[in-house]
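Please show the sequence and the structure, and then let us go through them together.

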Amino acid sequence: MQPTADDTGVARFLESRGEGIHHICLEVDDIEAALKRLKANGVPLIDRAPRQGAHGRVAFVHPKGMHGVLLELVEHHTGTAAG
């Protein structure tokens, strides 16, 4: 990743942590069910409900619950190719 400007979240991440993994994205069939399972297991969530992303609905899991890595869940729009 490369920041588009010096004041973006990506720029701040790179400034404080250096190069490395920013986040991992996993495709899920049912994002509400995935969030419900994570919450039931005590995983800290950034998003308690999905929001619209570029290619479908997304939700983020807090890095504290993923050993420091931000996890994105995505449920793609029906009829669109994954990726």
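Q: In which sense do β3 and β4 pair, and over how many bridges?

A: Two strands are said to pair if DSSP finds at least two bridges between them, and here β3 and β4 pair in the antiparallel sense over 6 bridges. Within this pairing, V58 has V74 in β4 as its bridge partner. Please keep in mind that this is a predicted model, in which local features need pLDDT of at least 70 and side-chain atom pairs count only at pLDDT 80 or more, while totals for chains, interfaces and linings use all residues. Residues are numbered from 1 along each chain as its sequence is written, and side-chain values use heavy atoms, with hydrogens and water left out.

Q: How many helices and strands does the protein chain have, and what pattern do they follow along the sequence?

A: Helices (H or I, at least four residues) and strands (E, at least two) are DSSP runs, numbered from the N terminus. By that reading the protein chain has 2 helices and 4 strands, and these follow the pattern α-β-α-β-β-β along the sequence.

Q: In what order do the strands lie in the sheet?

A: The 4 strands form an open sheet with mixed pairing, in the order β1-β4-β3-β2. The edge strands are β1 (23–27) and β2, each of which pairs on one side only. On the β2 side, β2 and β3 pair in the antiparallel sense over 2 bridges, and a hairpin of 3 residues joins β2 to β3.

Q: Is strand β3 enclosed by the rest of the structure or open, and why?

A: A residue is called buried when its relative accessible area is under 20%, exposed when it is over 50%, and partly exposed in between (1.4 Å probe, protein chains only). In strand β3 (residues 56–61), 5 of the 6 residues are buried, so the strand is largely enclosed by the rest of the structure. For the protein chain as a whole, 29% of the 83 residues count as buried.

Q: Is Q52 buried or exposed, and which residues does it touch?

A: Q52, which is found in strand β2 (residues 51–52), counts as exposed because its relative accessibility is 52%. Contact means heavy atoms within 4.5 Å, and, leaving aside neighbours within four places in sequence, Q52 is in contact with R57 and H77. R57 is also the bridge partner of Q52 in β3.

Q: Is E75 buried or exposed, and what does its side chain reach?

A: E75 belongs to strand β4 (residues 70–76) and counts as buried because its relative accessibility is 16%. Its side chain reaches the backbone nitrogen of I31 at 2.8 Å. Leaving aside neighbours within four places in sequence, the contacts of E75 include V28, D29, D30, E32, H55 and R57.

Q: How far apart are Q52 and E75 in sequence and in space?

A: A separation can be read in both ways: Q52 and E75 are 23 residues apart in sequence, and 9.7 Å apart in space from C-alpha to C-alpha. Across the protein chain, residues 24 or more positions apart account for 36% of the contacts with a separation of 6 or more.

Q: What does the C-alpha trace of the protein chain span along its principal axes?

A: The C-alpha trace spans about 35 × 30 × 15 Å along those axes.

How values were computed: A polar contact is a pair of N or O atoms within 3.5 Å; within protein, one must be able to donate a hydrogen and the other to accept it, and residues adjacent in sequence count only if both atoms are side-chain atoms.
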